[in-house]
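Me: I have a structure to study. Please take me through some of the terms used for it.

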Amino acid sequence: MRYLLVEDNQELAEAVVKRLVLDGHAVDHAASLDEAEACLSAADYDLILLDVMLPDGDGRDFLARSRAHLETPVIVLTARSQVSDRVGALDQGADDYITKPFDFSELEARCRAVLRRRGGSARNEIALGRAVFDPFAGTLRLGKSLIELRNREIRLLEVFARHPGQILSKGQLLDRLFSYDSAVTENAIEVYVGRLRRRIDGTGVRIETVRGLGYRMETEDP
Amino acid sequence: MTRTRSIGRRLTLLLAGVAALLSILSWGMVSGLARQAAERTQDNVLAASATAIAETLRSEQGEVRLELPYSAFSMLGAIGEDRVFYHVAAGEEFLTGYANLPVLDRPRAPGTVLFDTGTFDGEEIRIASVTRPVLVGAEPLTVSVSVAQTRSGVGAISRELSRLAALLSVAFFIVAVTLSAIAARTSLRPLNEIADAVARRGPSDLRPVKREAPEELAPLLSSLNRLMERLAQSIRRSEDFIAEAAHRVRTPLATVRTQAEIALRSVEASDERQRLRHIIRAVDESSRSAGQLLDHATVAYRVEDLARDSVDLADISARCVAALEPTAAMKEIRLILRTEPAKVAGDAVLLDNALRNVLDNAIKYSPEDTLITLAVTADAAEARVSVCDEGPGLGDCPAEHLKERFRRGTHTEGIVGSGLGLTIASDVLRAHGGRLDLGPAEGGTGTCAALVLPLL
């Protein structure tokens, strides 16, 4: 997935870029509305993350201006949780908003919801063995059958699918699946991995347990 | 006091006062004229009568003789029921009639009629007297003829006329007062229209008042618009300030949180992971509190001058569910929405905020893999949005306490919250004449929070 991040704070922008890259996304960063315009005319993006307060103008004005010719979905990053501000952002053509500081799982969930509403795009589909996984629609297509995955299954599968062959520890998976304030133990991961294994049975990929280290997704030998 | 009394009433009172004065004056004048006219008529008749009698004076065999012509008295009879007296004297010598009639003894030219008013037999009378020289032998003798009449007829006529005049004046007064009230209202209408236009506005509508106004109101209108402009500017400045402050605080918080998440990816030691989780939790806690404090302030400000738009709770519920669906999905919580149209009068932004707080609360305290049912219903008088979860319930904390500021329930271990959510919701509902009901869900362990509002 390709993001355009429009954010003038250098430190936050760097952190967000790094965090999204860790999840396997491509991110371009624009520090001003001018730069954003330049990026948009040069490349296609799946989603724009737009800060509202930028050095050369208000992000919402930019939205109102460019909504007519801009088809890319926009999630506004706002510093205010005040309702009037949120409503204002939505009225001016944002698809959704998220309040700073944000949880990346929530950001992902919102991106997913926005892209699902917009019909998604085929290039975000991931090939998993003989199956095709659409992380936005939350479906796994295998031949003629379409398997609907539940929310945590989607997220877990996405993590594995974006890091094929890589060992992922239970702790890492836990952080991706549960919010930081929930009191779950690593046993919960075993439950979800078990469920996911049943879901992807027959697709030609499997999740192996690496004793003492975690899990790894591997393509079965033909 | 007079400075603050209504201009319309003052204007009406002033015009009514003028009308009353004019009514009394006109009544007085008409009564006076009527009396004068009646008196003059009587005088003319008396003069004619006296002259007619005087015409008949002649001398016969050294004596003065006269005839009382019938016409002389029939004229007088025309005026009411009055009694008529006469008196004829030759110089000092009484000749005929009523000897005691108080006649004039002023010197006068012959032929001229003199009038006087006096009392006779206990009644007020009007006397006309005329003198005529009569030759008795060779000696001219001045004979005076006086005719008198009581004045009750004149009084009756002038009283009757005066009564009519009074009636007319009262009618004039009533018409004048009605017209002045209408005039006052008409001339004040532009002022009322401007006041209405301003009063109908929503709490945040500070656009200048653009309205045709009479030139007398133009200064008021332009100073009102200048005031609105200044108010809008100062609100804008403080909103900008809040936005700027929030931006300055939250952007570095976002950096901290993001960096902590990145660090979590590379750190394996469980105590270090725990420390990073604590950082993230602390960031979430502070940002949530800051957000809700801001919301609380916004609510307090908007509640003061509540908008009364027609708001469909079904729309608001659908919007809230759509907004919180991704959050709920992260915990595998399904949101179920059942609505029927339920229109209420209120501020859509505030009602949205109240419901969002309640729903957000329900999601936060619900276990994984459960249902939250949001139902909008309307009965005869009340609209209800009930949010029922399958959570652990309210515990033993009384529902009323949970609506207090910064108060949190017993089952809040490990959940980020500020304790302001339900306070905000409850404040919003109270301002709308409604209430927030909290209670156990029917047939389950969960909780039902219901936003109850009077129907439009």
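Predicted model: local features only at pLDDT ≥ 70, side-chain atom pairs only at ≥ 80, totals over all residues.

Reply: Local features need pLDDT of at least 70, side-chain atom pairs count only at pLDDT 80 or more, and totals for chains, interfaces and linings use all residues. Residues are numbered from 1 along each chain as its sequence is written, and chains are lettered from A in the order in which they are written.

Me: What makes two residues count as "in contact"?

Reply: Their C-beta atoms, placed from the backbone, lie within 7 Å.

Me: Why is helix H7 of chain A called mostly covered?

Reply: Six of its eight residues are buried. A residue is buried if 20 or more other C-beta atoms lie within 10 Å of its own. Among the buried ones are Leu173(A) and Asp175(A). The buried residues of H7(A) pack against several elements, including helix H4 (218-266) of chain B.

Me: What makes a set of residues a nonpolar core?

Reply: They are buried Ala, Val, Leu, Ile, Met, Phe, Trp, Tyr and Cys residues, joined through C-beta atoms within 7 Å. The largest such core has 88 residues. Ile75(A), Ala354(B) and Leu451(B) have the most contacts inside it. Helix H7 (residues 348-365) of chain B gives the most to this core, with nine residues.

Key:
Buried ≥ 20, exposed ≤ 12 C-beta atoms within 10 Å, placed from the backbone. Helix = DSSP H or I, 4+ residues; strand = E, 2+ residues; numbered from the N terminus.
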